[in-house]
Amino acid sequence: MGIWEQTGSDVRLDWGAEGVAALGRECAVLVVVDVLSFGTTTDLVVGRGGRVLPVRWRDERGVARARAAGAVIAGEGEFTLRPSSVTEIPPGTLLALPSPNGATLCDAAAATGAQVLAGCLRNASAVAAKAAEAGGPIGLIAAGERWGVNIFGQGETSGPLRPCVEDQLGAGAIAAALAALGLSLSAEAALAARSVDVTAVTTCVSGRELIESGHGGDVALAAQSDVSDAAPVLNEGILA
């Protein structure tokens with residue numbers, strides 16, 4: 001009883017949708033950590049006074065939802081899921097951000113009734129402080145990736161989970177900040193907190209993939225630690 005929920009600790013950590021389901025049974029707050037790139041892009045948009053509408057798929061359903069909300073759709077113009085595309089986004093912009101990882105988990109986390117935040121390395125301390133204000137327990141959801149998922153697909157399958165170094169690092173940085181505030185960590189959260197090395201963002205598989213594809217600037221933005229005061233909170237389906 002309570003084993004999967006990591007009962008007994010203020011701060012807990014698990015992975016993907018399965019982790020949301022387990023930790024969402026007890027946690028009052030769930031923090032979705034998708035460093036490359038949903039969480040980082042969201043931080044940059046919110047930090048400039050914008051808002052983010054998480055959209056799971058950039059298909060007819062996602063586009064219709066975005067248009068109904070009056071949102072600019074990432075991928076249709078100058079703004080995309082890439083962090084470097086939003087560094088000059090105008091304040092007040094509502095950006096629909098398709099992501100089968102971060103956006104999908106935000107929806108799943110909201111369905112548990114928990115308060116939902118989006119975190120990354122850039123805003124680790126700010127998100128930790130906001131989460132602590134809300135009370136606990138706090139669940140950190142390292143997003144990971146899903147093998148074989150096409151963002152333009154119809155979403156019939158989510159693919160098997162691939163844990164990612166960068167999301168372990170992001171969740172670990174938030175866990176470490178929460179520990180500094182006096183909160184107790186589960187074994188999973190404590191291990192992540194002890195292993196934070198932001199240089200690994202550029203040398204891990206996900207970082208290398210982006211760098212070799214010509215997106216080194218995005219990786220550099222994602223690897224910045226505690227440079228943002230933004231703490232995006234999901235309210236009525238929008239992160240702000």
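**Figure 1. β2 and β6 run side by side.** Strands β2 and β6 run parallel and are joined by five bridges; two strands pair here if DSSP finds at least two bridges between them. Helices (H or I, at least four residues) and strands (E, at least two) are DSSP runs, numbered from the N terminus. Look for Val32, which sits opposite Ala118 in β6. β6 is largely enclosed by the rest of the structure, because four of its five residues are buried, where buried means under 20% relative accessible area, exposed over 50% and partly exposed in between, with a 1.4 Å probe and protein chains only. Keep in mind that this is a predicted model, where local features need pLDDT of at least 70 and side-chain atom pairs count only at pLDDT 80 or more, while totals for chains, interfaces and linings use all residues. Residues are numbered from 1 along each chain as its sequence is written, and side-chain values use heavy atoms, with hydrogens and water left out.

**Figure 2. Four strands make an open sheet.** The strand order is β1-β7-β2-β6, and the pairing is parallel. β1 (11-15) and β6 (115-119) take the edges with a single partner strand each, so one side of each has no neighbour in the sheet. On average, neighbouring strands are turned by 25 degrees against each other, direction ignored. Further in, β2 (residues 29-33) pairs with β7 (residues 138-142) in the parallel sense over five bridges. Val31 has Leu140 of β7 as its bridge partner.

Figure 3. α6 (residues 165-180) lies across β1, β2, β6 and β7, and runs at about 160 degrees to β7. Axes here are lines fitted to C-alpha atoms, for helices over the stretch in contact, and angles run from 0 to 180 degrees between N-to-C directions.

**Figure 4. Helices α5 and α6 pack together.** α5 (residues 124-134) meets α6 at an angle of about 55 degrees, with the axes 8 Å apart. That makes α5 oblique to α6: angles under 35 degrees count as roughly parallel, over 145 as roughly antiparallel, 65 to 115 as roughly perpendicular and the rest as oblique. The crossing of α5 past α6 is right-handed, meaning the near helix is turned clockwise from the far one by less than a right angle, with anticlockwise being left-handed. From α5, the contact (heavy atoms within 4.5 Å) uses Ala124, Ser125, Val127, Ala128 and Ala132, and from α6 it uses Ala173, Ile174, Ala177 and Leu178. By class, that's eight nonpolar, one polar and no charged residues; Ala, Val, Leu, Ile, Met, Phe, Trp, Tyr, Cys and Pro count as nonpolar, Asp, Glu, Lys and Arg as charged, and the others, Gly among them, as polar.

**Figure 5. β5 is mostly covered.** Five of the five residues in β5 (residues 94-98) are buried. Leu94, Ala96 and Pro98 point one way, with Leu95 and Leu97 pointing the other. β5 pairs with β3 (residues 51-55) in the parallel sense over five bridges, and Val55 has Pro98 as its bridge partner. β4 (residues 72-73) also runs parallel to β5, joined by two bridges, with Ile73 opposite Ala96.

**Figure 6. Helices α1 and α4 cross.** The axes of α1 (residues 16-23) and α4 (residues 102-111) come within 10 Å and cross at roughly 15 degrees, which makes α1 roughly parallel to α4. This crossing is right-handed. Gly16, Ala17 and Val20 of α1 make the contact with Leu105, Ala108 and Ala109 of α4. The tally is five nonpolar, one polar and no charged residues.
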